[in-house]
Each structure stands twice: as structure tokens, then as C-alpha cells.
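Please keep the sequence and the coordinates at hand while reading.

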Amino acid sequence: MKVLTSTVARVLFALPFGVFGINHLMNAGSMAGYVPIPGGAFWVYLTGVAHLLACAALLVRQKVRLAGLLLGLMLLIFALSIHLPAVIGGNMGSLPSLLKDLSLAGAAWIYGGTGI
């Protein structure tokens, strides 16, 4: 049962990052305005590829520690540089995104710490 639940949990955690990655690659132009540093579309494409690579690493169980640590760092950067300033600026619609990225960063670091 443990193997089944850990496999299902790993797949359920990994797949949304594949979707996020595809979304970044398909909508880079419209997402570029959210990037708080110069080179908006480049960073959207880069993070889209990072999402896809993290998804693949988790699904095939290769470089899971590295993928988890880097994915967690990227999500924390998103939370602190994009969503937190929006919430502080009064956009409470960004609060769910802030909390989502913080919780997913924590989960990614669990994978990074355990390598499972």
C-alpha cells in the first residue's frame, strides 16, 4: 500500500508542473508583464522549461533531490517577488497564489530532502 500511495502522490505532485510548464511556454507574451525584472518573456520561457524538467525528473525518478530543491527555490522566488508584493499592494486576489506557491515550495523541498 505504501508503494501505491507514494507513487500516486508523486504523480499527482509532478503532473501540475507539466501543465504549468506548457502554460508558460504557450502564454509567455501575456505572462511577461508579471515578471518583476527585465527580460520578461525570456524568464517566462525559462521557468516554463524548468517546470517541465522538474515534472519529468519527478515522474521518472531521476535527479529528484536536485529537482525538488530547485523547484522549491523557484516557487519561493515566485511567491516573494510576484505574489507577496501584489498582496501587500492590496490585491487580495493574489493571496491564493502566494499560499499555493509557498505550500508547493515546501512540498518540493520534502522531495528534495528525501529524494523519494
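Leu53 lies in helix 3, where helices (H or I, at least four residues) are DSSP runs numbered from the N terminus. Leu53 counts as exposed because its relative accessibility is 57%, given that exposed means over 50% relative accessible area, buried under 20% and partly exposed in between, computed with a 1.4 Å probe on protein chains only. Along the chain Leu53 and Gly21 are 32 residues apart, while their C-alpha atoms are separated by 8.6 Å.

This is a predicted model, in which local features need pLDDT of at least 70 and side-chain atom pairs count only at pLDDT 80 or more, whereas totals for chains, interfaces and linings use all residues. Residues are numbered from 1 along each chain as its sequence is written, and side-chain values use heavy atoms, with hydrogens and water left out.

**Helix 3**

The 21 residues of helix 3 should span 30 Å at 1.5 Å a residue, and the end C-alpha atoms of the helix are 31 Å apart, which agrees; the expected span is 1.5 Å times one less than the number of residues. The buried residues of helix 3 are Gly40, Val44, Thr47, Gly48, His51, Ala54, Cys55, Ala57 and Leu58, and they pack against helix 1, helix 2 (28-31), helix 4 and helix 5, where contact means heavy atoms within 4.5 Å.

Which residues does His51 touch, not counting residues up to four places away in sequence? The list consists of Phe17, Gly18, Phe20, Gly21, His24, Met74 and Phe78, and His51 itself is buried, with a relative accessible area of 2%. Thr47, also found in helix 3, touches His24, Met74 and Phe78 under the rule that residues up to four places away in sequence are not counted.

The relative accessibility values of several residues are collected here.

| Residue | Relative accessibility | Class |
|---|---|---|
| His51 | 2% | buried |
| Thr47 | 13% | buried |
| Ser81 | 28% | partly exposed |
| Val19 | 56% | exposed |
| Leu53 | 57% | exposed |
| Lys63 | 64% | exposed |

Val19, for its part, is placed in helix 1, and its C-alpha atom is separated by 16 Å from that of Ala108, which is 89 residues away along the chain.

**The loop between helix 3 and helix 4**

Most residues other than glycine have a negative phi. Just after helix 3, Arg61 takes a positive phi of about 60 degrees, and its place is in the loop between helix 3 and helix 4. Lys63, found in the loop between helix 3 and helix 4, has a positive phi of about 55 degrees although it is not a glycine.

**Helix 4**

Helix 4 comprises residues 64-88, and its 25 residues should span 36 Å at 1.5 Å a residue, which agrees with the 34 Å between its end C-alpha atoms. The helix bends by about 30 degrees at Ala79, the bend being the angle between axes fitted to the seven residues ending there and the seven starting there. In helix 4 the buried residues are Val64, Ala67, Gly68, Leu71, Gly72, Met74, Leu75, Phe78, Ala79, His83, Ala86 and Val87, and what covers them includes helix 1 (2-26), helix 3 (40-60) and helix 5 (95-114).

Ser81 belongs to helix 4, and a polar atom of its side chain lies 2.6 Å from the backbone oxygen of Ile77. Between Ser81 and Leu98 there are 9.9 Å in space, C-alpha to C-alpha, for a separation of 17 residues in sequence. Just after helix 4, Gly90 takes a positive phi of about 100 degrees.

**How helix 3 and helix 4 meet**

Two packed helices are described by the angle between their axes and the distance between the axes. For helix 3 and helix 4 the axes come within 9 Å and cross at roughly 145 degrees, where axes are lines fitted to C-alpha atoms, for helices over the stretch in contact, and angles run from 0 to 180 degrees between N-to-C directions. The crossing of helix 3 and helix 4 is left-handed, meaning that the near helix is turned anticlockwise from the far one by less than a right angle. On the helix 3 side, Thr47, Ala50, His51, Ala54, Ala57 and Leu58 meet Val64, Ala67, Leu71, Met74 and Phe78 of helix 4.

Conventions: Helix = DSSP H or I, 4+ residues; strand = E, 2+ residues; numbered from the N terminus. Polar contact = N/O pair within 3.5 Å; in protein donor to acceptor, adjacent residues only side chain to side chain.
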